[in-house]
2 protein chains.
Amino acid sequence: MAKNKTAITPTREQDYPEWYQQVVKAADLAENSPVRGCMVIKPWGYGIWENMQRDLDKMFKDTGHENAYFPLFIPKSFLEKEAEHVEGFAKECAVVTHHRLEPGPDGGLVPAGKLEEPLIVRPTSEMIIGSMFAKWVQSYRDLPLKINQWANVVRWELRTRLFLRTAEFLWQEGHTAHATKEEALEETRLMLDVYADFAENFMAMPVIKGEKTEGERFPGAEMTLSIEAMMQDRKALQAGTSHFLGQNFAKAQEISFQDSEGGESHAWTTSWGVSTRLVGALIMTHSDDDGLVLPPKLAPKHVVIIPVLKGDDTEQKVLDYCESLRSEIRELQYAGRPIECWIDKRDVRGKKWDHVKKGVPIRLEVGPRDIENDGVFMARRDQPKASGVSRSELLETLPDVLQQMQDGLFERALQMQKDNTKEFDNLDDFKKYFEGDKPSGFALCHFTDVPEMEEILKPLKVTPRCIPLADNDTPGKCIFTGADTNKRAIFAKAY
Amino acid sequence: MAKNKTAITPTREQDYPEWYQQVVKAADLAENSPVRGCMVIKPWGYGIWENMQRDLDKMFKDTGHENAYFPLFIPKSFLEKEAEHVEGFAKECAVVTHHRLEPGPDGGLVPAGKLEEPLIVRPTSEMIIGSMFAKWVQSYRDLPLKINQWANVVRWELRTRLFLRTAEFLWQEGHTAHATKEEALEETRLMLDVYADFAENFMAMPVIKGEKTEGERFPGAEMTLSIEAMMQDRKALQAGTSHFLGQNFAKAQEISFQDSEGGESHAWTTSWGVSTRLVGALIMTHSDDDGLVLPPKLAPKHVVIIPVLKGDDTEQKVLDYCESLRSEIRELQYAGRPIECWIDKRDVRGKKWDHVKKGVPIRLEVGPRDIENDGVFMARRDQPKASGVSRSELLETLPDVLQQMQDGLFERALQMQKDNTKEFDNLDDFKKYFEGDKPSGFALCHFTDVPEMEEILKPLKVTPRCIPLADNDTPGKCIFTGADTNKRAIFAKAY
Ligand SMILES: [Zn+2]
Ligand SMILES: [Zn+2]
């Protein structure tokens, strides 16, 4: 590719949303399916999700959670039980009304066997899991109950974008029940910490941990915590949420227990989740105008070896060299697992750019000349220049190089977040910051959670993202009303 | 528990189907949900499935397959494309007809937003995956395409049994496309071998690899291979299938490619799957009248340590001893992973029997007296007697003991299968073997695949399970018609 020419058209600057779609396509991560709003996650994209699952799952288990599986369907009557929850989730969902197809008059198939009660394809599982918790919890000895589920969910969406917003998506949902309010609050915070740890140390994506304002809470929750990340177009993306549900769901579903003194209490519940949306966040945080850039910890494969075949008698020698190099690389460990390495022997043009666009962290090229020097030609996805390196040095430094890349991606993203977070005490400046369609960033402002705020924010297409946990007691005046307040929130345009 | 009394009532001999339900319940594996036909898989049951997934997934990847994810929904028109497939799958399925719930006249919610085309919740994904393959395959260079999906599927079932037959179940479905018939046939056989390897070496469940007769084939397949296992009631259970689909699906979906000479051909496809049904098979193969028995390779946890607490000043010493023992055990490896061990400190009665019923392979009890001797009291789930063992011996032999248990379970099951497989050349003996409801077994007989066979088998409730691959050329006479034939099949009552 010639200088100044990029592998992805348009560039981020030219058209960010379209750039995103083109990166997803060029890296062969996913595509739209014939089913409206549902995506197909292709092997390279699914490989990223599998790595996310593996690392998150370990963190959930290390914090005392167990996996289980609950039904895909929820009886309609269950959704009618918790008023706010219905309001939030019952609107756009897939409704199963029949359980059979029969031959129709014109040779096709028609729905038959009407169900007595329609079933909803789960948009989230609070209600169905809660109904089981009600059976399982009798005594304080049965608590806490700490369950996680990996599953698919469906929310009928009109405007979809691969990974970011799809009708069906994959996620995990944690559901826990506790004997006391304090314990449930602790769990809610603990799981937010787990998400933040994962985002920063695995995704190399800096996040702000905070509490949602009332208008942005999960339907039925008393408190919603979230992690918010800044994408390269400076918009916010909510990357994970952890909800303290109080006793609301426990009361709607009769999750109650006999405490140690023999009294009867309702349990305190939480729920928390992250989804394949994280893959979208990962893409938008690190990728560049040549395609996907992956933090090594989540790359499905770390290293590709490209044999440079000249069509002469050196070919077998080059291939043998590649094979032995691969064996040695696979014996190395990075971040607790073997370094994944494969040899791309395909006889196709533009191979090198395939790997650039897919974000393979390290590309090694091996030709007859390199072998003579017992070395390889090495390119890092995060650096523009490639260079020769001896085999011994490569093997010695590879795990460190991967960690350098991981750290470098995080630092770069953190710098970007810092550079684009501004404090405002003046409403006019705040409005100017967000006006129009140009990239803005995060605004940190004192505020009070009042209706006026919504009215000012709406035309700006800005929402309060969260009240940062790390910043909860700085006196000042609400930017919207001038009232005294100790609370500040992050405001931004968001995905 | 007193002698001659069992932890599970009824026993296998008294009422096998009810024994099965009671084992599932006592081991806390799964239970029915409020949604008709859908089960809840509880942590101990899901832990077994997770282990199955981990080992199978590795085998799929080692044989060159990649994971991906396809939509939950299938447009109705897709199911109408392959005639035999429709016939087989379109009958009992969950049909989504609406995409919204709206407040109804009586305060409840009613389905709204009728879909132009109904969507079917996937009963299997040949049609939706095939439609993507049609896009992805253009040239012979795009082949083979070897994809696997881990997913939930739904088949509306009237009579359900936990794990064995449920409306929703979890499974994996492999889908591959090849340039030649030979390659597709090879894949079909390879994946059957993978399943047999998994069944025998991980589940400790001996299986017979064979080909299905025409009447038992997958709808739309040209050849279905299966592995068949014998349960302890001597019924057969089909534990995995691998289908050679010929060009049937490729033609219905236009999966075609340009070959190396520039000509246009249809691809040859295969599909293969195993499901949470395997958990049912595992239970029925090994468990006894005291509950679940697990092959150590698939046990969610291998060892439980029970501190014997006397309520005096020895308690802390006992707990410390247990902690240090656990640390040492977790450093040991069995079958390529750390030995999973936990300490059950609960203050409840009947703890020991909990672990027996759940099939924990090794139970260790540690009291003050044991510590003095630097030993533990050890019980193996596969042996009636427990005995003292020194700490050093325990740590030295634990991985071997687990492997002995694994091997022992396989040997016992294999003996049972051999003892209950009989050859028949006489139809009267064959009929007598299967008459009534008493346990029968497998019958190996010469046969020809003719309509008369079905008529004779139906009243006996017997089906041809498979034509064993290992036995495909022994001359003889068809037991049903007397015609000369070289083929033999296994006949049995089946799940
Ligand atoms: Zn301020
Ligand atoms: Zn014979």
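The accessible surface of chain A comes to about 20900 Å² in this predicted model. Carbon and sulfur atoms contribute 46% of that surface. Of the 495 residues in chain A, 59% are buried.

The overall form of chain A was examined next. Its radius of gyration is 26 Å. A compact globule of 495 residues would have a value near 23 Å, so the two agree. The C-alpha trace of chain A spans about 80 × 65 × 60 Å along its principal axes. Chain A holds 14 helices and 27 strands. Among its contacts with a separation of 6 or more, 69% join residues 24 or more positions apart. Chain A carries 64 positive and 79 negative charges.

Chain A contributes two donors to a zinc ion, ligand 1. They are OD of A:Asp425 and ND1 of A:His446, at 1.9 to 2.4 Å. A:Asp425 sits in the loop between strand E22 (421–424) and helix H13 (427–434) of chain A, while A:His446 belongs to strand E23 (residues 442–446), so the pair ties together parts that are 21 residues apart in sequence. A:His446, at 6%, counts as buried, the limit being under 20%.

Another zinc ion, ligand 2, has its protein donors in chain B. B:Asp425 is exposed, with a relative accessibility of 64%. B:His446 is buried, at 6%.

Elsewhere in chain B, B:Glu328 was considered. This residue lies in helix H9 (residues 315–330) of chain B. With a relative accessible area of 35%, B:Glu328 is partly exposed, because the value falls between the 20% and 50% limits. Leaving aside neighbours within four places in sequence, B:Glu328 is in contact with B:Arg391 and B:Leu395. B:Gln415 is 87 residues from B:Glu328 along the chain. The C-alpha atoms of B:Glu328 and B:Gln415 are separated by 36 Å.

Conventions: Residues are numbered from 1 along each chain as its sequence is written. Chains are lettered from A and ligands numbered from 1 in the order in which they are written. This is a predicted model: local features need pLDDT of at least 70, side-chain atom pairs count only at pLDDT 80 or more; totals for chains, interfaces and linings use all residues. Side-chain values use heavy atoms; hydrogens and water are left out. Helices (H or I, at least four residues) and strands (E, at least two) are DSSP runs, numbered from the N terminus. The radius of gyration is taken over C-alpha atoms; the globule rule is 2.2 Å times the number of residues to the power 0.38. Buried means under 20% relative accessible area, exposed over 50%, partly exposed in between (1.4 Å probe, protein chains only). Contact means heavy atoms within 4.5 Å. Accessible areas come from the Shrake-Rupley method with a 1.4 Å probe; for residues, only the protein chains shown count as cover. Lys and Arg count as positive and Asp and Glu as negative; His and the chain ends are not counted. The place of a charge is taken as NZ of Lys, CZ of Arg, CG of Asp or CD of Glu. Donors are N, O and S atoms within 2.8 Å of the metal (3.2 Å for Na, K and Ca); water is not among the atoms, so sites may look incomplete.
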